Amino acid sequence: MATFPAITPAYGAEKRSAPVMRRVQFGDGYEQRLRYGLNQNPKVWALTWNNISEADADAIETFLDARADDGDSFTWTPPAEASAAEWVCEEWSKSIPYTGRAVITATFRQVFEP
């Protein structure tokens, strides 16, 4: 299992949760909610690496390209969290605002694998 490079994203990263629930609503207004599946609350992180060196940007992009080629997930520890988890990144972008510096934005989606 590959580990994401130790390059810290910028402050302002956004963490989203979307619990997997099934909802049944009856005619009298009664509603019942059921958790669905084993891992019902996967996280999604929207990350940005601002004003990083071109070398760091290349390291991130090379790593993500390799995961896109092999289809594997990777290990990453979110900011201010103690434990690592498994993630996939299905989309990212890179811009070069000026010479030698880069900005990368990516969305990491948590996966649960054996």
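Visitor: What should I know before reading the model?
Guide: Residues are numbered from 1 along each chain as its sequence is written, and side-chain values use heavy atoms, without hydrogens and water. In this predicted model, local features need pLDDT of at least 70 and side-chain atom pairs count only at pLDDT 80 or more, while totals for chains, interfaces and linings use all residues.

Visitor: What is the mean pLDDT of the protein?
Guide: The mean is 91, and 100% of the residues reach 70 or more. pLDDT is the predictor's confidence in each residue, from 0 to 100.

Visitor: Why is Glu86 said to have no salt bridge?
Guide: A salt bridge needs a side-chain nitrogen of Lys or Arg within 4 Å of a carboxyl oxygen of Asp or Glu. The nearest side chain of opposite charge, Arg67, is 9.3 Å away, so Glu86 has none. Glu86 is also buried, meaning under 20% relative accessible area (1.4 Å probe, protein chains only).

Visitor: What makes the Glu86 and Ser73 side chains a polar contact?
Guide: Their distance is 3.4 Å. A polar contact is a pair of N or O atoms within 3.5 Å, one able to donate a hydrogen and the other to accept it. Therefore this pair counts.

Visitor: Why are strand 1 and strand 6 called paired?
Guide: Two strands pair if DSSP finds at least two bridges between them. Two bridges join strand 1 to strand 6, so they pair. These strands run parallel.

Visitor: Where do they sit in the sheet?
Guide: The open sheet has the order 1-6-7-8-5-2, with mixed pairing. Strand 1 is an edge strand, pairing on one side only.

How values were computed
Buried means under 20% relative accessible area, exposed over 50%, partly exposed in between (1.4 Å probe, protein chains only). Lys and Arg count as positive and Asp and Glu as negative; His and the chain ends are not counted. Helices (H or I, at least four residues) and strands (E, at least two) are DSSP runs, numbered from the N terminus.
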